[in-house]
Amino acid sequence: MNTMTLYVEKDSPVHHLDPLVKLLYVVAAIALTYILPEPLFIAGVLFVTLLLLLVGKVFRNSLPILTLSLFLIFSLVIVQGFFHPDNVTELFSLGPLVFYEEGLYVALILVLRVLVMIGSFSVLILTTSPDEMVERLIKKGMSPRIGHVILSVLQLIPQMRATTSKITDAQRSRGMETEGSMLTRIKAFFPLMGPVVLNSLNETKERSIALEMRGFGSSMKKTFLNEEKQYPYNKLLGGIIIAIVILGIVWRVMA
Amino acid sequence: MSIIEVEQLKYRYPDLTDLVLDDLSFSVEKGECLGIVGENTAGKSTLCYALAGLIPHFYKGAYGGKVTVNGLVVREHEIADIVENIGLVFENPFSQMTGAKKTVYEEVAFGLENLGLDRKEMHRRIEQYLKLLDVFAVKDKNPFDLSGGQMQRVAIASVLAMEPDVLILDEPTSQLDPQGSSEVFEVIEQLTEKGMTIILVEHKMEQIAQYADRVLLLHQGRQVALDTPEKIFSRVDLKDFGVTPPVVTNIAKALNVRYPDSELYPVTIEEFKRLEEAK
């Protein structure tokens, strides 16, 4: 069964951490890149993030995600290096275009910030199963309806993709051309989308009924099948992360 | 003792001009299996929704009359209050899976979590109903990886685990292959033997004849008759309501095999054989 999740099931200390602590780390790591906007500090946060990916045995899995961001990184360097308004000190020129040191510095901060964002989210997503994450959030007070939407989307989108593929095959078997030039594909799009959308709407209505009949709208306090997992050093790690953020703020104010 | 009472029930969907249910009045006894038959658009599914409380709480529209399930007036209670009294299983097994649970075991637990049951009771019920529906062996599988018949049995187990007093099965086998259908009917047989109150909507008249104690015949939202399967399927005007009697009843009519001193024909093979031998 395909589910839309990047979670990598492995046995590592990072996998055993509380999802909320990992979520707190994501928020703190990104916040620190703004609180202390110096390349050295941000590089430090990035170093810790990469270390977590290595300890979590998911560093290799994070590489495709980092690769996807290369286009953005490249664009940042070009735009800032050539066109940042504070550009003064010339580094090199390409014909009429001049690349500046100030722009490169700003680009470096932005690139490191992007890498921290992607890296910290990778730590969370690659080492936390979506159901563990959602169940933890619901237990902390998130609406079960929102939790259900998140989890069901992860499973139902691949199911919808399978339905689309079945409908495509059915239309193709009746002589519809679905491959070829752009015009042919556009022509095929509408006869395909009609049944897919109608089918999805119908299934959504039926699923809503099924959920109602399973007491989803109940105002009773929800219980959980799975026992609450015990997470090691939960409070300690949460405390350390918050303390580091506070220290960062103090440092910034004092400086 | 009546577990369901329907009094002058009328209903019209918000976007329609005609009544879909028109002045229905009947009751269902505890432990009874009531079959509902009629052509497409006769109002069978709509009646199921009205009994389960989806009408008027989920589907709005013009609503009149009164439906009482286990003493609860459906109109005056939320669906969440009604689900412990009445369960609904419908035709598409795929859309009855929540989509949010990764195993069959967790899927069955979904309703119990919503009811706020304690963990021990949840495990007891899940195991009991997975075994009853013969899907315990697939408890760790993803619900979407099951066959249609297995998925439908998981849907029934999920509803039964909430221990309702009445189970409504709205064409539970119409999207299943013969193997899947026979799996589901084996379950229905078990449940009727256990004395569960069942409302069964089905186009396979042989199955209605087999399991129903009484049959409600609907036509264009109106109640044509409520009687034993023999009386309903022996009606000469049955085809006018878009209903074909079981094959065995047609054969019995052709061979003039009927109950002594009556105009009633057998509706099951066993009865046919018995009457034929007694002839």
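Analyst: Start with a parallel pair. β6(B) runs parallel to strand β7 (residues 166-170) of chain B, and 4 bridges link the two. Strands here are DSSP runs of E with at least two residues, while helices are runs of H or I with at least four, and both are numbered from the N terminus. Two strands count as paired if DSSP finds at least two bridges between them. One bridge can be named: B:Ile86 has B:Val166 in β7(B) as its partner. In general, strands of a sheet pair through backbone hydrogen bonds, and the pairing is either parallel or antiparallel.

This is a predicted model, in which local features need pLDDT of at least 70 and side-chain atom pairs count only at pLDDT 80 or more, whereas totals for chains, interfaces and linings use all residues. Residues are numbered from 1 along each chain as its sequence is written, and chains are lettered from A and ligands numbered from 1 in the order in which they are written.

Now widen the view. The pair belongs to an open sheet of 6 strands in chain B, ordered β6-β7-β8-β3-β9-β10, with mixed pairing. Which strands stand at the edges of this sheet? They are β6 (86-89) and β10 (222-227) of chain B; each has a single partner strand, so one side of each has no neighbour in the sheet. From one strand to the next, the twist averages 15 degrees.

Helices lie across this sheet. Helix α6 (residues 148-160) of chain B lies across β6 and β7 of chain B, at about 170 degrees to β6(B). Helix α7 (residues 178-193) of chain B lies across β3 (33-37), β7 and β8 (197-201) of chain B, and runs at about 145 degrees to β8(B). Angles run from 0 to 180 degrees between N-to-C directions, and axes are lines fitted to C-alpha atoms, for helices over the stretch in contact. Contact means that the C-beta atoms of two residues, placed from the backbone, lie within 7 Å.

Chain B has another open sheet. Its 4 strands follow the order β2-β1-β4-β5, with antiparallel pairing. The edge strands are β2 (21-29) and β5 (72-73) of chain B, each pairing on one side only. Strand β4 (residues 62-69) of chain B is joined to β5(B) by 2 bridges, and the two run antiparallel. Here B:Thr68 has B:Val73 in β5(B) as its bridge partner.

Turn to chain A. Strand β1 (residues 90-94) and strand β2 (residues 97-100) of chain A pair in the antiparallel sense over 4 bridges. A:Leu94 has A:Leu97 in β2(A) as its bridge partner. The hairpin of β1(A) and β2(A) has 2 residues between the strands, and A:Gly95 takes a positive phi near 65 degrees.

Chain A also has crossing helices. The axes of helix α1 (residues 19-35) and helix α2 (residues 39-55) of chain A come within 9 Å and cross at roughly 165 degrees. That makes α1(A) roughly antiparallel to α2(A). Angles under 35 degrees count as roughly parallel, over 145 as roughly antiparallel, 65 to 115 as roughly perpendicular and the rest as oblique. The crossing of α1(A) and α2(A) is left-handed. A crossing is left-handed if the near helix is turned anticlockwise from the far one by less than a right angle, and right-handed if clockwise. A:Ala29, A:Leu32 and A:Thr33 of α1(A) meet A:Ile42, A:Val45 and A:Thr49 of α2(A). By class, that contact has 4 nonpolar, 2 polar and no charged residues. Nonpolar covers Ala, Val, Leu, Ile, Met, Phe, Trp, Tyr, Cys and Pro; charged covers Asp, Glu, Lys and Arg; the others, Gly among them, are polar.

Next, helix α3 (residues 59-68) and helix α5 (residues 101-127) of chain A. Their axes come within 10 Å and cross at roughly 135 degrees. That makes α3(A) oblique to α5(A). The crossing of α3(A) and α5(A) is right-handed. α3(A) brings A:Asn61, A:Ser62, A:Ile65 and A:Leu66, and α5(A) brings A:Ile118, A:Gly119, A:Ser122 and A:Leu126. The classes in this contact are 4 nonpolar, 4 polar and no charged residues.

Finally, how do the chains meet? The contact takes 28 residues from chain A and 35 residues from chain B. On chain A, α7 (144-173) and α8 (182-213) each supply at least two residues of the side that touches chain B. The largest share of that side, 8 residues, comes from α8(A).
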